[in-house]
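Please keep the sequence and the model in view while reading.

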Amino acid sequence: MNEPISVMIADDHSMVREGIKQILELDGDIIVNSEAGNGKECIEVLDDSGTDVLLLDINMPNMNGLQVLQYLREKKSDVKVLILTIHNEIEYLLRAVEIGVEGYVLKDSDSNVLKKAIFTINKGDTYIQPELTPLLKKRLHDKSLSTSTNDSLTKREIEVLKLLAEGLFNKEIAYTLNISEKTVKNHVSNIFKKINVSDRTQAAVYAIKNNIVDIF
């Protein structure tokens, strides 16, 4: 018989933790070895817990779940992370996937979905709530299209776009980059074609949305 999977539950509601613990330990193939009520406590307890899978809520005090996940990935922790949350907004899932989560399940799921997710990620695969998968694929596809457009811009075009987004006119851009105004015009024309916009305002919005310039 295989060793039971060792699970830690990090959630700021003790009744939620107790309920999940009872569900998971029913069949004997999962054991809850530790619990935490906030993000900071989760990190402290996890260091000594020998946990295989961490069930992590997003809404927690003293570091939320995404911050805990980020910390664990930066520290190259081996623990598999399954986010268990009420948030079905795709932005939370997208951010978790970008950071490097192994699983994402909603709190209103059946207990067999939660168990399946734990077994799946424990053996090295990923598990995303099936209803959320189509949305996630679409967002990742949109993101990759946007990134490939950025990649098609030359280094000089990105420099021009940054200055354009900051509100500089062609003459000022030419002076800043030490190139002719005619060259700037050509760059601007090429940029508009590549990112599919028709004016400087749209180009500036594109630059902000795609993190080419920072807004403070």
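Leaving aside its neighbours within four places in sequence, which residues is V7 in contact with? Contact is taken as heavy atoms within 4.5 Å, and on that basis V7 is in contact with L24, I30, I31, V32, N33, S34, T51, V53, L55 and I118. The model is predicted, and local features need pLDDT of at least 70, side-chain atom pairs count only at pLDDT 80 or more, and totals for chains, interfaces and linings use all residues. Residues are numbered from 1 along each chain as its sequence is written, and side-chain values use heavy atoms, with hydrogens and water left out.

**The sheet**

V7 is found in strand 1, where helices (H or I, at least four residues) and strands (E, at least two) are DSSP runs numbered from the N terminus. With 0% relative accessibility, V7 counts as buried; buried means under 20% relative accessible area, exposed over 50%, and partly exposed in between, with a 1.4 Å probe and protein chains only. The C-alpha atoms of V7 and A203, which are 196 residues apart along the chain, are separated by 48 Å.

Six strands form an open sheet with parallel pairing, in the order 2-1-3-4-5-6. Strand 2 (30-36) and strand 6 (127-128) stand at the edges with a single partner strand each, so one side of each is left without a neighbour in the sheet. Two strands pair if DSSP finds at least two bridges between them. The table sets out two of the parallel pairs.

Helix 1 (residues 14-24) lies across strand 1, strand 2, strand 3 and strand 4 (80-85), and runs at about 165° to strand 2. Helix 4 (residues 90-99) lies across strand 4, strand 5 (103-106) and strand 6, and runs at about 160° to strand 5.

**The nonpolar cores**

A nonpolar core is a set of buried Ala, Val, Leu, Ile, Met, Phe, Trp, Tyr and Cys residues joined through side-chain atoms within 4.5 Å. The largest such core has 28 residues, of which C42, L54, L56, L69, V81, I83 and Y104 touch the most other members. At least two residues of this core come from each of strand 1, helix 2 (39-46), strand 3, helix 3 (65-74), strand 4, helix 4 and strand 5, and helix 4 gives the most, with five residues. Not counting residues up to four places away in sequence, I83 touches L56, I58, L66, L69, A96, V101, G103, Y104 and V105. A second, separate core of 19 residues includes V160, L163, I191 and V197.

Helix 9 (residues 181-195) has 15 residues and reaches 21 Å from its first C-alpha to its last, close to the 21 Å expected at 1.5 Å a residue, the expected span being 1.5 Å times one less than the number of residues. Its residues V184, H187, V188, I191, F192 and I195 are buried. They cover an arc of only 135° around the axis, which puts them on the same side of helix 9; the arc is that of the directions from the helix axis to the C-beta atoms. The face of helix 9 turned away from its buried side carries the exposed residues K182, K185 and K193. N196, whose phi is positive and near 60°, follows helix 9.

In helix 10 (residues 200-209), A203, A204, Y206 and A207 are buried. They cover an arc of only 160° around the axis, which puts them on the same side of helix 10, whereas the face turned away from that buried side carries the exposed residues T201 and K209.

**Positive phi in two loops**

M63, in the loop between strand 3 and helix 3, has a positive phi of about 90° although it is not a glycine, and M63 is partly exposed, with a relative accessible area of 27%. K76, in the loop between helix 3 and strand 4, likewise has a positive phi, near 60°, in a residue other than glycine, and K76 is exposed, with a relative accessible area of 68%.

Technical notes
Axes are lines fitted to C-alpha atoms, for helices over the stretch in contact, and angles run from 0 to 180 degrees between N-to-C directions.
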